[in-house]
Amino acid sequence: MARATGLPDRALDLVMALFEAPINAVERLIGKRRMPYLFLAPNLVLFGIFTFLPIAIAIGYAFTGGADLLISDRPFVGLDNFRKLLTCDSYLVPGSCEESLFWTAIWNTLWFVGFNVAATLLVALVTALILNRAIAARGFFRAMFFYPVLLSPVVIGLIWKWFLDRNGLLNAFLQMLGVPPEIFLLDVGWSRFFVVVVSVWFHMGFYTLILLAGLQAIPKDLYEAAAIDAATPSRTLFRITLPLLGPNLLVVLILLMIRSVQIFDEAWVLTNGGGPGTANTFIVQYIYQMAFAGDLRLYGLASAASVLMGLVLLVLTLVQLRLGKKVES
Amino acid sequence: MSANVSAIGFFTRTRRAGRIDITDILSWLWLIGGTLAVLVPVLWAGMSSLKPEAEITRFPPTLLPRTAVQVEVSGFDKPLSLWTVTVDGETREVAMVRRIGLKAQMVDPANPGKPVSVDTRSISPVQRLTVATENYTDPLTRFSFLTFLKNSVFVTFVATLLTLIVNALAAFALSKYRFRGDKAIFVLIISTLMIPLTVVMVPAYLVIVGVGLVDNLWGVIIPTVASPTGVFLLRQYMLTIPDELIEAARVDAASEFRIFWRIVLPLTAPALAVLAIFSVLWRWNDFLWPLIVLSSRENFTLQIGLNAFQGEFSVQWHYILAMTFLSLIPVTLVFLFLQRYITTGIAGTGMK
């Protein structure tokens, strides 16, 4: 090996000097063949404690009541939490449910997922198709659309809150057009609309990138053949591009659904915690509120809701994996 | 064949270059519109963060940060605001004493003895371009902004370092050894991708309570260190490193750890760089998990601090926007210099 030259090399040497002796002692003890288990140990221990153990706990807690933290102090309540969440005169009317906030959150989330998935997919697809053309400054535009993806949800929530403020730029612009100012985030309809707008603004660059990678994998000679046949652009789009992009579109669709169901961060900051009223209270916020906000500490109910949401996400993920395999083959 | 293809390419190119299609114009409109949609809210927040408190909520807003100019006039206790007045075709700058209905009493700062009464419709305030640097300096000294910043830097740095080491070790074991259960362990690790934080946040918090890391920065760091994305990314890269290198080192009696640390790890540098960038972004922007774990102000990260601050001082937009903009800077720098790595990383794994 080359002699240590730069600072990174020296840092590597230092760690080597510190850890080599004890790790080599272990190697002599257990033998070379068992070393991979040692290398995997930190990772598996962390996954065990912070991923697999919580799943077991979530399922256990979902069947207990009370506000105590220790499972041994918690009374077993059987299916009570699930019964409470799922008891409704009509599932279409949250007010008729025993746990009406849960159903309000579910309906809010469903509406959000519907609009957000449709809008993001459409915007990302159009942008990817345009960026796939031979157009000047393509790299610049691709980077521009991608920039919001890197920002923090809190920052995005605050930037948009200011943009939509009573004294904000949007109202100033509307006033120029003679439209009276509106407090967008205190209006049920407008606030829901802008939660979708902000979500599309935030995430579309990510999906554009995935769709663009799919578009660039379509063989060029197909387009050349279409050009020879003098196919119209719309015919090329619907007969070549979209069918060949189909599997990628499905993967993006499912990924988008999985992420949209979990909407929380930016919506929470933008709407001051789900407002106005409960117009923008989504399912993750419901779980958060039941378990952590205020003095409720209803860990059992929150766990039961988590388990239900986890099942929905699991089904979506399994569908995605199946589709992903099809894309690869 | 290849001559044929290039001939077609040449043919289509000349045909395209000859005229500008309607779809070209629509494409440009879409791209420019999109760029504006991305930039305008961000730049608007940036411009607003330079405005003084009194100016920031003025409606309709001005584009540039400006303040009304005030002057000291002898005989008056308080400084008076300066206005431009046009009297008899002559424009003068005078100070306003008081305003009664449509009339305003003005004095000439140079000659304060004789107040004159003028029509308020004929006057306009004198404004100067001012940058409210106090929006940025106040939070640094008066509020806990520096503490938030320090906590965020600590969490980001330590978590990224641990993420790289722990996942590289696991990826090394899964790519360069054959052992009992290797496939099962790989599937097990990848399967954790299916368990998002939102599903396990309640019980994960209970685990954090159990190990005594509530309201502790380590409680934010440790649960996120093992990353299925990280293992997957590094393993795929390590599979391309030739096994002969490792065999040769074994012949030279190198220990397994030395092979990892001195041969495999340096060769994995490009993949490690991609994971490091992702990790920095994850930690810097992380919100829900720190929100659950951290409860006292001195432990807040930047994002939690910003959120708490906007809840407490909801009208102090001049401070909120300045701090928002400060927290935007590192991410924007990452974006400007490392954008290429990030886009390749996403295209390669389909994850973020």
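This is a predicted model: local features need pLDDT of at least 70, side-chain atom pairs count only at pLDDT 80 or more; totals for chains, interfaces and linings use all residues.
Two strands pair if DSSP finds at least two bridges between them.

**Strands in chain B**
- Strand S3 (residues 80–87) of chain B and strand S4 (residues 90–100) of chain B run antiparallel, joined by six bridges.
- Look at Trp83(B) and you'll find Val94(B) in S4(B) standing opposite.
- S4(B) goes on to strand S5 (residues 103–108) of chain B, again antiparallel, with five bridges joining the two.
- One of the pairings here puts Ile100(B) with Lys103(B) in S5(B) as its bridge partner.
- S4(B) and S5(B) make a hairpin with two residues between them. In the turn, Gly101(B) has a positive phi of about 60°.
- A handy reminder when you browse the side chains: in a regular strand they alternate between the two faces of the sheet.

**Where the chains meet**
- On the chain B side, 78 residues are in contact with 79 residues of chain A. That side of chain B divides into 54 nonpolar, 20 polar and four charged residues.
- Helix H4 (residues 100–131) of chain A packs against helix H2 (residues 22–48) of chain B at an angle of about 120°, and their axes are 10 Å apart.
- Angles from 65 to 115 degrees count as roughly perpendicular and those over 145 as roughly antiparallel, so H4(A) and H2(B) are oblique to each other.
- The crossing of H4(A) and H2(B) is left-handed.
- From H4(A), the residues involved are Val126(A), Thr127(A) and Ile130(A); they meet Ser27(B), Trp30(B), Leu31(B) and Gly34(B) in H2(B). Sorted by class, this contact has four nonpolar residues, three polar ones and no charged ones.

- As background, most residues other than glycine have a negative phi.
- Ala230(A) isn't a glycine, yet its phi is positive, at about 55°. You'll find Ala230(A) in the loop between helix H9 (220–228) and helix H10 (233–261) of chain A.
- Is Ala230(A) buried or exposed? Ala230(A) counts as exposed because it has 7 C-beta neighbours inside 10 Å, and the cut-off for exposed is 12 or fewer.
- Over in chain B, Asp215(B) also has a positive phi of about 55° without being a glycine.
- Asp215(B) has 13 other C-beta atoms within 10 Å, so it is partly exposed.

Technical notes. Residues are numbered from 1 along each chain as its sequence is written. Chains are lettered from A and ligands numbered from 1 in the order in which they are written. Helices (H or I, at least four residues) and strands (E, at least two) are DSSP runs, numbered from the N terminus. A residue is buried if 20 or more other C-beta atoms lie within 10 Å of its own, exposed if 12 or fewer, and partly exposed in between; C-beta atoms are placed from the backbone. Axes are lines fitted to C-alpha atoms, for helices over the stretch in contact, and angles run from 0 to 180 degrees between N-to-C directions. Angles under 35 degrees count as roughly parallel, over 145 as roughly antiparallel, 65 to 115 as roughly perpendicular and the rest as oblique. A crossing is left-handed if the near helix is turned anticlockwise from the far one by less than a right angle, and right-handed if clockwise. Two residues are in contact if their C-beta atoms, placed from the backbone, lie within 7 Å. Ala, Val, Leu, Ile, Met, Phe, Trp, Tyr, Cys and Pro count as nonpolar, Asp, Glu, Lys and Arg as charged, and the others, Gly among them, as polar.
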